[in-house]
Amino acid sequence: MAVRMYHLVVDAHDLPGLARFWCQVLDWQVLFEAEDEVVIGADEFAMPGMCFVPVPEKKTVKNRLHIDLTPDDQAAEVERILALGARRADVGQGDDVSWVVLADPEGNEFCVLRPKRSLTD
């Protein structure tokens, strides 16, 4: 049986706002929008996408699952994403790591890695 990753689902308070932030980060587009769900992706047929769903509670602890981004230029990408509304985050990573931990506008941590050539690089 074959299976593919379909969506990464993100709990959110401001679904349209968080979806717009991630669209700008990933150069994606909103593919579907309703009061209880916003779906974004590169295009309608490029999986996986991200799906934002409403939750009443606030985020209180570090994510158990997070996104890793690999840019062509790590420093430039970190500055671009910070300008979009992200903030630096400390999850105990220390100062000597090769990645930068950021948080999206609702506090979900993600990492900006150094440039990578493969999934095992």
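Is F21 buried or exposed? In this predicted model, F21 has a relative accessibility of 2% and therefore counts as buried.

## Helix 1

Helix 1 comprises 12 residues. The distance from its first C-alpha to its last is 16 Å, close to the 16 Å expected at 1.5 Å a residue. The buried residues of this helix are L15, G17, L18, A19, F21, W22, C23 and V25.

At its start, a side-chain oxygen of D14 comes to within 2.9 Å of the backbone nitrogen of G17. After the helix comes D27, which has a positive phi, near 55°.

## The nonpolar cores

The largest nonpolar core contains 22 residues, and W22, I40, F52, I81, L102 and F110 are those with the most contacts inside it. Two or more residues are contributed by each of strand 1 (7–12), helix 1 (15–26), strand 3 (37–41), strand 4 (49–54), helix 2 (74–84), strand 7 (100–103) and strand 8 (109–112). Helix 1 supplies the largest share, seven residues. Another core, of five residues, lies apart from this one, and its members include A89, V101, A103 and C111.

W22 has a relative accessibility of 2%, so W22 counts as buried. Leaving aside residues up to four places away in sequence, W22 touches I40, M50, F52, I67, L69, D104 and F110.

## Aromatic pairs

Three aromatic pairs are found in a search of the whole structure. In one of the pairs, the ring centres of F21 and W22 lie 5.3 Å apart and the ring planes stand at 85°, so the arrangement is edge-to-face, the class for planes over 60 degrees apart. Ring pairs also join F21, W22 and F110 into a cluster.

## E109 in strand 8

E109 is located in strand 8. Its relative accessible area is 13%, so this residue is buried, the cut-off being under 20%. The side chain of E109 makes a polar contact of 3.0 Å with the side chain of K59.

When residues up to four places away in sequence are not counted, E109 touches K59, K62, N63, H66, I67, A89, V91, V101, L102 and A103. Among these neighbours, I67 is also touched by W22, and L102 is one of the residues with the most contacts inside the largest core. A89, V101 and A103, also touched by E109, are among the members of the five-residue core.

## Q93 in a loop

Q93 occupies the loop between strand 6 (87–88) and strand 7. With a relative accessibility of 19%, Q93 counts as buried, because the limit is under 20%.

The side chain of Q93 has polar atoms placed beside two backbone groups: one lies 3.0 Å from the backbone oxygen of A89, and the backbone nitrogen of V91 is 2.7 Å from a polar atom of that side chain. Q93 also touches W99 and V101, with residues up to four places away in sequence left out. Of these residues, A89 and V101 are among the members of the five-residue core.

A83 belongs to helix 2. A relative accessibility of 69% means that A83 counts as exposed, as the cut-off is over 50%. A83 and M50 are 33 residues apart along the chain, and their C-alpha atoms are separated by 21 Å. M50, for its part, is one of the residues that W22 touches.

Technical notes:
Residues numbered from 1 in each chain as written. Predicted model: local features only at pLDDT ≥ 70, side-chain atom pairs only at ≥ 80, totals over all residues. Heavy atoms only, no water. Core = buried A, V, L, I, M, F, W, Y, C linked by side-chain atoms within 4.5 Å. Buried < 20%, exposed > 50% of the residue type's maximum accessible area, 1.4 Å probe, protein only. Helix = DSSP H or I, 4+ residues; strand = E, 2+ residues; numbered from the N terminus. Contact = heavy atoms within 4.5 Å. Phe/Tyr/Trp six-rings, centres within 6.5 Å; stacked < 30°, edge-to-face > 60°. Polar contact = N/O pair within 3.5 Å; in protein donor to acceptor, adjacent residues only side chain to side chain. Expected span 1.5 Å × (residues − 1).
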